[in-house]
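Hi everyone, thanks for coming.

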Amino acid sequence: MLIVSEIAAFRQALQRLARPVGLVPTMGYLHAGHLRLVERARQDCASVVTTIFVNPTQFGPQEDLATYPRDFERDSRMLEHAGVDLLFAPNADEIYLPGFQTWVSVEGVSQPLEGASRPGHFRGVATVVAKLFNLAQPEYAYFGQKDAQQVAVISRMVRDLNFPLDLVIVPTVREPDGLAMSSRNAYLNTVERAAAVVLYRSLSCAKEAYEAGERDAEALRQAMRNILESEPLAQVQYVSCADNDTLHELHGPVSHALFSMAVRIGKTRLIDNFVFRDGTWLTGSFNQG
Ligand code: AMP
């Protein structure tokens, strides 16, 4: 695996890779969820390119940019072992030159949910992902369903700006108790870690209620809230049962939906979701270790 941190070296290395190329963008501190994306890319592509970049422009001023977990040595060993061909790990000043002033803003679908809780977040995400697409020019790019709204935003951007690539969305990888794997889980202490399973329990409760015949969107949201509120350490930011494509909250009977939530457990902000589409629930899979 070749590791580069400068754009010129990245471009040169890309020219030598066999096509098709699959791109897996990450912020590092890797876990089995990230590795599942790499594994999918390996199956589909002749070469796999991973990026590690903790993108400052997608963090708000009160957020965890400074403390975001980092372990480059461990990450690069994991990627090498997973069969990645090229790792691009730039510094922020390589990506954002002095005087940088060009942004990609996806409108409607960026606004509710995460967009409402984290102003400017998706402008940072869309901008850096557009830059990575322009630099790497991959045939395929891999994103996790764990970040459902990010998937909606990037899908919209790819269509609206005619990026010539296919997005591949990989189901959420979960810990054995159901907690969605996330770099931010490292922030949780033992008591908080035990409490964090409440997100999965809450989503599972909505699924069970639906399967037992409940169809009303507000009743399904309330079923999720009830479980979250039973956990004293959980501070709910939002609970949503929204249209899969527009992400507008649904009212009345539900036939397909994105069930999602953001919850603080102590100081750690966690998100999770289930998708119900075409009569099927996408809940993710358990990490086999
Ligand atoms: P991050 O490093 O958190 O920015 O994540 C990089 C990519 O990995 C994004 O496309 C995420 O959606 C994806 N990802 C993160 N956690 C998981 C997970 N538990 N299962 C599947 N994909 C994930």
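**Around the ligand**

Helix H2 gives the largest share of the shell around the ligand, with three residues. Helices (H or I, at least four residues) and strands (E, at least two) are DSSP runs, numbered from the N terminus. Before we go on, please keep in mind that this is a predicted model, in which local features need pLDDT of at least 70 and side-chain atom pairs count only at pLDDT 80 or more, while totals for chains, interfaces and linings use all residues. Residues are numbered from 1 along each chain as its sequence is written, and side-chain values use heavy atoms, with hydrogens and water left out.

So, which residues come nearest to the ligand? Of the 17 around it, they are Met-27, His-34, Asp-147, Val-173 and Met-181; a residue is near if one of its heavy atoms lies within 4 Å. By class, that shell has eight nonpolar, seven polar and two charged residues. In this scheme Ala, Val, Leu, Ile, Met, Phe, Trp, Tyr, Cys and Pro count as nonpolar, Asp, Glu, Lys and Arg as charged, and the others, Gly among them, as polar.

Now look for polar contacts, meaning pairs of N or O atoms within 3.5 Å. The side chain of Asp-147 places an N or O atom 2.6 Å from a ligand oxygen. Met-27 uses a backbone N or O atom, 2.9 Å from an oxygen atom of the ligand, and a polar backbone atom of Gly-144 is also 2.9 Å from a ligand oxygen. On its own the ligand has 480 Å² of accessible area, and the protein covers 92% of that (Shrake-Rupley method, 1.4 Å probe).

**Two domains**

Next, the chain as a whole. An automatic or database assignment gives domain 1 (2-173) and domain 2 (183-283). Their C-alpha centres lie 25 Å apart.

**Two backbone details**

Most residues other than glycine have a negative phi, and most peptide bonds are trans. Here, the peptide bond from Arg-19 to Pro-20 is cis, with omega near -5°. Asn-162 has a positive phi, near 55°, and is found in the loop between helix H7 (148-160) and strand E6 (166-170).

How values were computed: Polar contact = N/O pair within 3.5 Å; in protein donor to acceptor, adjacent residues only side chain to side chain.
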